[in-house]
Structures are given as C-alpha cells and as structure tokens.
Amino acid sequence: MLDIGPLEFVALVVLAVLVFGPDKLPKVIRDVSQFIRKVREFSDNAKEDIRSELGPEFKDFEFEDLNPKTFVRKHVMDSDEFGLKEIRNGFDLRKEMAEVADVVNGRESDSPQGSSGASGTTPPSLSKGDSSTPDLLRKREEPSREERPPFDSDAT
C-alpha cells in the first residue's frame, strides 16, 4: 500500500485523530474517498475519450505502454526480433565470476576451457613454474638503466 509500513500507518492514523479529532475524522475519510473516486472516474473518462478520438487502428492502445520501462520490456525484451533471448541465455554470470575468481586465486577451474576462460593461456603470475598462489609481496625485477620505463599517457 504505497510503500507504507504498519508502524507508519499507525502513526498517520494517530496524527489524523489528533489533527481532525474523533468527531470529524469519519467525515474527512468519506470526503477523501469521494475525491479519490471522482479523480479515478475522471481519469477513466479521459482515457476513453482519447481512445475514441484515436480511432479504430489504436483500439489495442494501452496507456501503460507510455511508461518507458513497460515499453522496453514489451517491445525489446519480450520480442526475440534481435536475438536477445539467445544472448541472455548464453551468458552465465555466475560461471564467469567463478572462472575469474579461480584465476585470481590461482586455482584450476572445472570448465573445459581451462582457468583463464576463452583465451586458453595461463596468467603470467602462474607461468613461472609453480602452480601455487602468486607471491604478491615479492619485489619486481628492476629494469636495467638502458631500458626505458613504460609510458602511461593516462597517468600524466
């Protein structure tokens, strides 16, 4: 009900009793419900007038389709015109994340492609001969004085 919790609802009822008083509260509730009923009736009449003015070619027109989320869900996600269902079904996020975690942790995955996914190569940290986890605390080899350090244009 409009994303209102039970405690909030009780607080609204207590506040309404305090503001309007127990004598006027039933009349206020009746007036508010009549107002809501009239607004709904006005909205339904306006929708029917628009449908009748659009003509017979728009007899299946739904005003909910004007919501962008509903429009995309109905016309793009539900239709397989672009082959999206095949792509969506072919992508398994849990499997991909497990493969990445295995590579990062230095474990062999159970997939037939190996631990590194589609490339088929082992990561450089594991190709040194030992299959244990890489030593991240070991210092890298110092480049010789003649060798220039790599240039990173994004870092400057």
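These are my notebook entries on a predicted model of one protein chain.

**Ground rules.** I count residues from 1 along each chain as its sequence is written, and my side-chain values use heavy atoms, with hydrogens and water left out. As the model is predicted, local features need pLDDT of at least 70 and side-chain atom pairs count only at pLDDT 80 or more, while totals for chains, interfaces and linings use all residues.

**Overall fold.** Helices here are DSSP runs of H or I with at least four residues, strands are E runs of at least two, and both are numbered from the N terminus.

**Burial.** Of the 156 residues, 9% are buried (under 20% relative accessible area; exposed is over 50%, partly exposed in between, with a 1.4 Å probe and protein chains only).

**Contacts.** Among contacts (heavy atoms within 4.5 Å) between residues at least 6 apart in sequence, I see 5% joining residues at least 24 apart.

**Helix α1.** I then followed α1, which covers residues 6–54. Its 49 residues would reach 72 Å as a straight helix at 1.5 Å a residue, yet the end C-alpha atoms are only 44 Å apart (the expected span is 1.5 Å times one less than the number of residues). I found a bend of about 100° at G21, with the proline P22 following within four residues; the bend is the angle between axes fitted to the seven residues ending there and the seven starting there. After α1 comes G55, with a positive phi near 100°.

**V10.** My last stop was V10, in α1: this residue is partly exposed, at 47% relative accessible area.
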